[in-house]
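Visitor: Please take a close look at a single part of this model, one interface within a chain, and describe it in one connected account, from the whole down to a single residue.

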Amino acid sequence: MAKTATKPSLKKLKQNFAEVHPPLASDEARAEAARCLYCFDAPCIRACPTHIDIPSFIRKISHDDLLGSAKTILDANIFGGSCARVCPTDVLCEGACVDNTLLKDPVQIGRLQRFACDAAEAAEVQFYHPGQSTGRSVAIIGAGPAGLTCAHDLRKAGHRVTMLEARSVAGGLNTVGIAAYKMPTEYALSEVDRILRMEIDLRLKHPVGGSALAGLLEEHDAVFLAIGLGQTAPLGIPGENLKGVHESLEFISQTHTVALTKCPIGRQVVVIGGGNTAIDAANAAIRLGAESVTIAYRRDEASMPAFTHEYELALDSGVRFEWLSKPKRIIGKAGEVSGLRCIRTRLDGKGRKAKVVAVGKSDFTIPCDMVIKALGQEVLHDFLSAIPKLKLDKKGRVVVDPETGATSIPKLFAGGDCQKDAGEEVVNAVQTGKIGAAGINKMLT
Amino acid sequence: MNDRSQHDAQAIDLSIEFCGVKAPNPFWLASAPPTNSEYQIRRAFEAGWGGAVWKTINQEPIVNVSSRYGAIDYDGRKIVGLNNIELITDRTLEVNLREIANVKRDFPGHALFVSLMVESKREVWHDIVKQTEDAGADGLELNFGCPHGMSERGMGAAVGQVPEYTQMIVEWVKEVARTPVIVKLTPNITDVRATGRAAKQGGADAISLINTINSVMGVDLDTLCPKPEVGGLGSHGGYCGPAVKPIALHMVSQIASDPEIRLPISGIGGIQTWQDATEHMLLGAGSVQVCTAVMHYGFRIVEEMISGMSNWMRKQGYHSPAEFVGASTDRIRTWNELDLNHKVVAEIDEDKCINCGLCYIACEDGCHQSINIEQVPEKEFLKAHKDGVDRTFLSGTQRYVHGAGEGYVNRFTINQETCVGCNMCSLICPVADCITMIQIDNGKAPMNYQQYQEGLAAGTISKIEPPQHA
């Protein structure tokens, strides 16, 4: 039996998973809000995929109208509280902030957004209510951020909504796909609850296949497809089925669905991949008590797709990086992982388009008892290909009208990660949900 | 001409003589809470203040209420304005006089004036003047300005708002006074020159202004009580602090330029910094008095004031404050004397612009619609911008541009054809020296309003056309 890491105490684990960005105290928020210049045609609004009126919500914080501030945020983005916590603000609103140029330091928009949303949460304000019934009904497949946003907006317009969700919890990757040190499970679920108060018929553990779509389209006036993506792509190397090989999203998901003391964790962990999910998995592994965590990535530091702030967090957390390392084989002992065999690579060409070339006789082994695969999710090919006449792009994602979310099939709309050009973040999914709801509403009224 | 090194080493003497009273510098404390006691004034003089006006004394101590002060903050900055409903001294005359004597004995080189306010009876005024001078005061300041409380009892502003009363009481005081008499004027009057002239008529040796301005600081939005609040009620109080400086400067300049007055002025109102003090002095104040800034930060601020004014004097080539007191007084004229042909327009330094758009929206909605907005594609913007590298950053495999969004950056330019030169954009711009006002040579000789009217009447010039673009 493989040695397992000495598990940290629950107290220690909770400390490890404490939020990376704690809330602002009210004096901090006031001082930070005072920094906002209240730009005209503000770059931050344009940089936000949901176009939250950021200068306005910050000005409302300055002037002690926290509920008004929260409403400005939620009007544009019903997941405003989650996005405040998990958005890569460095590369969105805060990246666009003109204070980067003036003071070399942007206004902390994300933390201010959280401050306002938390105030509304604490006041238990319900800003939105179902609209007067139109007698129309819409089915939504997938209760992630895109599906829930769409449901929320359709309920505001008075349409009946039935949501079908395969998982046992709602919220999709916003609930289970984001490392808990960025956002606690309870918060993600509380935000889902707020949306569900709009009288949405949510059916959990209710997986549907692509073949069921025809029936849904017949039964409802429209269907919104927000099924997200599937499993992490396989490595296609020997040893993938050994005990101790994990899939990154499932690994992260456990930190939300299983007690932290019961999450499996190795002593020496290797994460394969160079994206944000790889970093999340590595950060989660080190917080769960792994003695060493190494990220093996076939390209170099400069070509890593993970955001700089995520990479820096990993470095600060003590994650090691093994660049130019292409996994060749997962080595096992008695059916359990004992190491990762890699080959050294070199890059032929420049940037992301550079070819990865294996260097001869450069094999080396990283000893480990846990391997986490984080190569990026694959599309739900089986589901989508079972829908006749649904137009997909080369990568197998659903093609939609960017203005309405309409697919090639009448009455069928789509949003979220399953859709072409959706973008990776929760905030992108929310925007596609808004667009889809508006498109459906326009069609129905 | 001094060379630079000599100039830098030039000794600066900040000492002044104000109607015969010498002081090591022009920075005095106004009659107010910081000058309530010997303890405080000792601390002040030790910290470097050149003089002080003892908080207004009276035959009998008054009683005060609690609370007493209210403030306004502005977008995160504390106390841009302060008001108070505190009255004059709440200590006995005997204690005040003894402490005045103590301070004067230990600080003979500092200016110590004493503020007086008593009921409007000739003998009472005579008594307090004699007692105060016997205690060793260098001079007297008559408080004809306190706007709250005392005015309801026929003192303070009740006197200062009626020129005849002002003159009468100054005359009583001057009948017995052996030291210089400053009359402190209230701004709560239509034309401060009326009381200034009355003070002069009465024989005043100097004028100080402004006293505080009538004010209600606000209303508590939870309790609906006014601020400051005393048992659910409030009362109008005296407003002071940085926000009142422009009002004070105007009144100081009015007194300084009035040919009927011609008295030394002690400038009061909104002085927080050496710049504020210098501006008061350029408009005619021979000394300045400070209260709110000290109440906010303590006596220690005088060190920065001394340093700042000394360095400014070095830069300007002044050796003594007397050389610049009143240097700008004559530059304040009637509107009719201003040159209608003087033309400035705004100019934006694109390299410094951070693309916030504040100038644009201010001009568009509040001014004269003379700023152009143009959406420049991100790539084009970076190529054209000499600091393009500083405006971008990489994260992961993506590049982001500060000030951009949806693929473009707003570029702002001035339409100098229609710009009226109002200054607004340059006042708003958060970047130093990004928007400047530049003078346009329009080839026209100076012409003020009077000359314009005369020219029109004589038919020698044509009418100035109204702006066409609005």
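Guide: Across the interface of domain 1 of chain A and domain 2 of chain A, 6 residue pairs are found in polar contact, both residues of each pair being at pLDDT 80 or more (N or O atoms within 3.5 Å, one able to donate a hydrogen and the other to accept it, with residues adjacent in sequence counting only through side-chain atoms). On the side of domain 1 of chain A that touches domain 2 of chain A, the elements that give two or more residues are α5 (66-76), α6 and α9 (109-122) of chain A (DSSP runs of H or I over at least four residues, numbered from the N terminus). Of these, α6(A) gives the most to that side, with 6 residues. By class, the side of domain 1 of chain A that touches domain 2 of chain A consists of 11 nonpolar, 6 polar and 3 charged residues (Asp, Glu, Lys and Arg being charged, and Gly counted as polar).

The model is a predicted one, in which local features need pLDDT of at least 70 and side-chain atom pairs count only at pLDDT 80 or more, while totals for chains, interfaces and linings use all residues. Residues are numbered from 1 along each chain as its sequence is written, chains are lettered from A in the order in which they are written, and side-chain values use heavy atoms, with hydrogens and water left out.

As for the setting, chain A is divided into domain 1 (23-123), domain 2 (137-230 + 379-444) and domain 3 (245-373), by an automatic or database domain assignment. Taken over C-alpha atoms, the centres of domain 1 of chain A and domain 2 of chain A are separated by 27 Å. Where these two domains meet, 20 residues of domain 1 of chain A are in contact with 20 residues of domain 2 of chain A (heavy atoms within 4.5 Å). The area buried between domain 1 of chain A and domain 2 of chain A comes to about 1,700 Å², and carbon and sulfur atoms give 64% of this area (accessible area, 1.4 Å probe, lost on being put together and summed over both parts). Ile78(A), Phe79(A) and Val86(A) supply 38% of the area that domain 1 of chain A buries against domain 2 of chain A, which is more than any other three residues supply.

On the charged side of the account, the count between domain 1 of chain A and domain 2 of chain A is 1 salt bridge (a side-chain nitrogen of Lys or Arg within 4 Å of a carboxyl oxygen of Asp or Glu). Glu121(A) forms a salt bridge with Arg194(A), with 3.6 Å between the closest N and O atoms.

Finally, consider one residue of the helix that gives the most to this side of domain 1 of chain A, α6(A). Ser82(A) lies in that helix, which covers residues 80-86 of chain A. Ser82(A) counts as buried because its relative accessibility is 0% (buried being under 20%, exposed over 50% and partly exposed in between, with a 1.4 Å probe and protein chains only). The side chain of Ser82(A) makes a polar contact with the side chain of Asn174(A) at 3.0 Å, and it makes another with the side chain of Glu191(A) at 2.2 Å. Once neighbours within four places in sequence are left aside, the residues in contact with Ser82(A) are Cys87(A), Asn174(A), Met183(A), Tyr187(A) and Glu191(A).

Key:
Buried area = accessible area lost by both parts, 1.4 Å probe.
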